[in-house]
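Dear colleague,

Please find below the structure that I am handing over to you. My notes on what was found in it follow directly after.

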Amino acid sequence: MAGNAAYDWDAFDSEDYLEHNYAELHDEDRHILNVVRDFLCSQSFDPEARGVDVGTGTNLYPALAMLPFCQDISLLEFSGANRDWLFRQINRFSANWDAFWRVLAEQDTYRAIVEPRDRLRRRATVRKWDILESVTEEKWDVGTMFFVAESITTFREEFTTSLGRFCALLKPGAPFAMTFMENSQGYEVGGRAFPALGIDVADVREEMWGLGNGLEFHRVDVGSQPLRDGYSGMILVHGHVK
Ligand SMILES: C[S@@+](CC[C@H](N)C(=O)[O-])C[C@H]1O[C@@H](n2cnc3c(N)ncnc32)[C@H](O)[C@@H]1O
């Protein structure tokens with residue numbers, strides 16, 4: 001058992017994580033993209049809306065999902081290695097993300113963005129952030145946090161804190177989407193072990209009922225080719241912050 005601080009997040013091998021998870025579009029991510037896209041398209045946003053993605057790592061698709069709706073998107077990341085990767089990718093994202101964008105562009109709102117690379121470069125910023133410690137008065141209009149709360153610790157209290165701090169970054173009523181690995185036993189990146197807390201839909205429900213309204217839960221089965229051993233599926237929740 002170990003908490004977030006016991007791991008060397010600056011030694012996170014960004015390229016290895018990307019290669020393993022996002023070099024190609026997997027069925028689970030396609031499913032999640034479809035649901036998040038349709039959820040965000042059903043919301044109304046202020047023209048000045050600002051988005052936030054927490055623990056972005058080397059996953060650009062939550063930011064791409066928010067792109068049509070936000071004047072700026074803050075990518076909050078603790079790991080220096082992942083921040084360096086993000087600075088490079090924001091400048092011009094790699095071809096692997098085109099498959100993810102194509103799923104989003106099945107909706108007109110996304111298709112209307114002719115140059116998503118230019119749009120992301122102009123609108124995204126990267127910031128060092130510790131979801132367990134950092135505090136701000138700033139509030140965002142829409143937010144995402146994918147595979148973070150359960151995948152940065154084995155401690156239940158830190159899982160709970162991450163969810164509370166994430167929701168506290170958003171304005172009351174703001175739409176959000178979060179994803180989780182279900183029953184994960186931890187994961188390896190570049191030969192280095194990283195932690196996870198084994199949670200299921202009931203755990204997410206229990207944590208979120210006091211934090212969100214209009215919550216919808218989705219469970220995504222592991223596909224025919226699971227990304228890694230030691231998890232049983234993915235969980236997606238979306239709703240509005242209380
Ligand atoms: C399993 S990865 C998920 C990355 C990405 N969001 C995705 O969907 O694949 C966990 C991420 O959380 C970041 N992280 C670890 N500890 C954190 C903390 N205390 N605050 C914010 N992010 C943290 C890691 O650097 C990593 O990018």
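Strand S4, helix H8 and strand S5 form a right-handed β-α-β unit. Right-handed here means that, with the strands pointing away from the viewer, the path from the first strand over the helix to the second runs clockwise. Helices (H or I, at least four residues) and strands (E, at least two) are DSSP runs, numbered from the N terminus.

This is a predicted model, in which local features need pLDDT of at least 70 and side-chain atom pairs count only at pLDDT 80 or more, while totals for chains, interfaces and linings use all residues. Residues are numbered from 1 along each chain as its sequence is written, and side-chain values use heavy atoms, with hydrogens and water left out.

The sheet

The strands S3-S2-S1-S4-S5-S9-S8, in that order, make up an open sheet of 7 strands with mixed pairing; two strands pair if DSSP finds at least two bridges between them. At its edges are S3 (124-128) and S8 (212-221), each of which pairs on one side only. On average, neighbouring strands of this sheet are turned by 15 degrees against each other, direction ignored.

S4 (residues 142-146) pairs in the parallel sense with S1 (residues 50-54) over 4 bridges. In this pairing, Thr 144 is the bridge partner of Asp 53, and Met 145 is that of Val 54. S4 also pairs with S5 in the parallel sense, over 4 bridges, and here Gly 143 stands opposite Phe 176.

Of the 5 residues of S4, 5 are buried (under 20% relative accessible area, with a 1.4 Å probe and protein chains only; exposed is over 50%, partly exposed in between). Val 142, Thr 144 and Phe 146 lie on one side of S4, and Gly 143 and Met 145 on the other.

H7 (residues 116-123) lies across S2 (72-77) and S3, at about 45 degrees to S3.

Arg 119 belongs to H7. Arg 119 is buried yet has no salt bridge (a side-chain nitrogen of Lys or Arg within 4 Å of a carboxyl oxygen of Asp or Glu). The nearest side chain of opposite charge, Asp 118, is 9.0 Å away; Lys and Arg count as positive and Asp and Glu as negative, with His and the chain ends not counted. Leaving aside neighbours within four places in sequence, Arg 119 is in contact (heavy atoms within 4.5 Å) with Leu 67, Pro 68 and Ile 113.

Yours sincerely

Terms used
Axes are lines fitted to C-alpha atoms, for helices over the stretch in contact, and angles run from 0 to 180 degrees between N-to-C directions.
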